[in-house]
Amino acid sequence: MKDPPSSKNERQFVLKAIEERKRLDGRGIYDYREISVNLGQERGHVEVAIGNTRVLCQVSGEVVKPPANRPTDGLLFFNVELSPMASASFEPGRSSPMAVQLSRFLEHALKDSRAVDTESLCIVADEKVWSIRVDVHVLDHCGGLATACSVAAVVALSHFRRPDVSVVGEEVTVHSLQDREPVPLNIYHMPICVVVGFFHDGKYLIIDPTWQEEREMDGSLTVGMNVHREVCLLSTSGKVPLSIEQILRCTQMASVKVAEITELIKKVLSGDSVQKKATRADIAPVGMDTEPSTSRPVKKKKKKASKHADVSIIGTNTGGIGLGGASAWSDGDDADKPKAVASVATDSDSGDEVTMVLNDVGFKSSR
Amino acid sequence: SFTLSVTTPITSPGVRREGDQIIAAKSGILRHRPPVTYWIDNNQRRYVPVVEEFVIGIVTGKPSMDVYRVDIGGSMPAALSYLNFEGATKRNRPSVQVGDTIYGQLIVASKDMEPEMTCVTVAGKANGMGVLEDGLTFQSSLGLCRELLVAESPILAAYGKRFRFEITVGANGRIWLKSPSVSQTIALCNSLDSAGMLSTEQLE
C-alpha cells in the first residue's frame, strides 16, 4: 500500500508556508517538536515520541564467541524495523532502503564513533564476548525518524544493564540478576541525530521536518552530534547541493538542539536511577518541560534506611521484608517459595549509610 | 450485546445481528431512535466508499482511455471520466492534471467493483464540484467530517463568526480549506482537528 499521494495544493501550500517561515503545525522553523522519553520496566526498554512519531527500542545481550579478526572486542548490532503500522508505505519484509539507512545511521553514529566501549564487553579473549543487540521498532512515522531512533538507542543503551560476569582462572560465571546487581555498559558520549530539511533549492531550511514536510522537501541533511560538539555523522540526501557555510551553519544549529535533547535524556536517566533506588513503581514519562523532582518520590538515604529497618535476615545474602521470609512449612526446604529477597550493599560515597537495592523477584513491598 | 425480539433483519452502521442478539461490530457510542432503530456512531479514519457520497480525491493517474484515476482513500482509486465535468465534450477537454484536488460525487461504489465518481450532477451542472484550487487538504477522522457536514453545524458556525474561509468537506475524511493568509489556514486546520471533541460552550 502506498501513502496517499501529495496533491499540488499541498505542495504549493507547504512551499509557500516555508517562504513565510511558517510550519504546518505552527512551530518556528528552528523548533523541535515535543520529545518525550518513556523508560520501560525492563532494563534497556525505552519508548521515544517526537510529536506523533513514536519508536520503541530494546537492548539485549548474550555471550558469544568473537570473530577471529577482533578477539578482544564485544559486538554491537543495530537494527531498525519499520513496522507496517507506522506508515501505509511500509511493507513487512525488511529490505526497505529507509530501514537500512536508519540502521546505518545508528551504526555510524554510535558504533564507529566509539560511543559504547566495546573492549569492556570482552570476557575471555578469543572465546567469550558480549554481543549487544539494539532493536529499534518504528511504531508511528510522522517524520524525524533519525532523531527518534538515535535518541531511543542512546537512552536504551544507557538504561541497559548486563549480567555481571566473574572470571576465576578458567571458570567464567555469568551471575544471574538475582545474585549480583547487573552492570551498566560504558557509554562515553551520546550522539543524537538532527534532521534538517531544505526547500526551494536550499534557500530555506527547517529543523525536524514532519512527514508532510519531508514529502515536499528538496533535500535533507542529517547531522549526528554529541554534546561535546563532536560530529559523529553527516549524511545528505535529495537533490540539493550544499555549500560549506550551509553545512557549518547546520552543525551549529544541531549542536544547540543536541544540547537540549541531551539535557532531557540526562534528566530522564537520573530520575530513573533515583526512582529505582526508592521504589519499584512505574516510571512516568518525562517530557521536555517537566521537572523530574516534583514527580518522583526522592527520599534521603537516612530516611530510607529507617523505612526498611524491619528487614529480617534469613540466611546469607537473603533478607525478608513483610510477608514471606522464613519458611513456615515443616519440611524446612527452601525450594521455590516467594520470598522477598533484598541484598544490602554499602554505598561507597557515604561511608556508613546503607543503600537498599531491591531485586526483581516478585517483591511485594509492605507500604 | 443485548437481545431484541425482532423478526426483520437489521442493517445498521456498526451493528450486526447474530441470531437473536444485536452485537456491536464497531467501537463507538450506541444511539437509539425509537421505536427500533439502533446504530453506533463510530469514528474511524479509514474510508469505505459509499454511493452518492461527496468525496475529495487527488488525481494520481494520467487519463488512460480518457479516465482519470483519483485516490479517495479507499482500497482502490476511483475512476473519473473526463466527460463528467461541466461543459466537457470530446473536443473540449477539462484541464485536470495529476496532483489536482477534485471534489466529486461517487456514482458507483460497491465492494466488488472499482468506484467511479463524477463532477457533474445529473442535469450537467457542477454545483461546486470539480477541481479545487489552492488551499490546503488535510486528513481527519470520518466522525469529524460527518459533524461538519450536518446542516448548520455548530463548529462551522462558530468558526464562521470569527474567520473568513472557504471549506469543502469530503465524506472520506479529507477537508479542503482556503483562507486569505497562510498562517490563518494553518491555525484553522490545526484547531479543526480537535474542534470535533469540544462541546458548544467550549467552541465559543
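Which residue of S14(A) does Val223(A) stand opposite? Val223(A) stands opposite Leu234(A). This is a predicted model, in which local features need pLDDT of at least 70 and side-chain atom pairs count only at pLDDT 80 or more, while totals for chains, interfaces and linings use all residues. Residues are numbered from 1 along each chain as its sequence is written, chains are lettered from A and ligands numbered from 1 in the order in which they are written, and side-chain values use heavy atoms, with hydrogens and water left out.

**Strand S13 of chain A**

- Strand S13 of chain A covers residues 219-225. Helices (H or I, at least four residues) and strands (E, at least two) are DSSP runs, numbered from the N terminus.
- Seven of the seven residues of S13(A) are buried, so the strand is largely enclosed by the rest of the structure. Buried means under 20% relative accessible area, exposed means over 50%, and partly exposed lies in between (1.4 Å probe, protein chains only).
- Gly219(A), Leu221(A), Val223(A) and Met225(A) point one way from S13(A). Ser220(A), Thr222(A) and Gly224(A) point the other way.
- Strand S11 (residues 192-199) of chain A runs antiparallel to S13(A), with seven bridges joining them. Two strands pair if DSSP finds at least two bridges between them.
- In that pairing, Val194(A) stands opposite Val223(A).
- Strand S14 (residues 231-238) of chain A is also joined to S13(A) by seven bridges, again antiparallel.

- S13(A) and S14(A) form a hairpin with five residues between them.
- Arg229(A) lies in the loop between these strands. Its phi is near 65°, a positive value in a residue other than glycine.
- Most residues other than glycine have a negative phi.
- Arg229(A) counts as exposed, at 55% relative accessibility.

- Leu145(A) sits in helix H3 (residues 145-159) of chain A. At 5% relative accessibility, Leu145(A) counts as buried.
- Leaving aside neighbours within four places in sequence, Leu145(A) is in contact with Thr53(A), Val55(A), Leu82(A), Met98(A), Leu102(A) and Val138(A). Contact means heavy atoms within 4.5 Å.
- The C-alpha atoms of Leu145(A) and Glu181(A) are separated by 34 Å. These two residues are 36 residues apart along the chain.
- Val172(A) belongs to strand S9 (residues 171-174) of chain A. Its relative accessible area is 25%, so Val172(A) is partly exposed.
- Beyond its neighbours within four places in sequence, Val172(A) has contacts that include Ile123(A), Val124(A) and Lys128(A).

**Chain B: overview**

- Chain B has four helices and 14 strands.
- Of its 204 residues, 41% are buried.
- Among contacts in chain B between residues at least 6 apart in sequence, 56% join residues at least 24 apart.
- Asn127(B) lies in the loop between strand S10 (113-118) and strand S11 (130-132) of chain B. Its phi is near 55°, a positive value in a residue other than glycine.
- Asn127(B) is exposed, with a relative accessible area of 64%.

**Chain B: a sheet and its helices**

- Three strands of chain B form an open, antiparallel sheet in the order S12-S14-S13.
- Strand S12 (136-139) and strand S13 (166-169) of chain B are the edge strands, and each pairs on one side only.
- Four bridges join S13(B) to strand S14 (residues 174-178) of chain B. Ile167(B) has Leu177(B) in S14(B) as its bridge partner.
- Helix H3 (residues 182-195) of chain B lies across S12, S13 and S14 of chain B, and runs at about 20° to S12(B). Axes are lines fitted to C-alpha atoms, for helices over the stretch in contact, and angles run from 0 to 180 degrees between N-to-C directions.
- In helix H2 (residues 154-162) of chain B, Ile155(B), Ala158(B) and Tyr159(B) are buried. Seen down the axis of H2(B), its buried residues fall within an arc of 95° (taken from the directions from the helix axis to the C-beta atoms), so they line one face of the helix.
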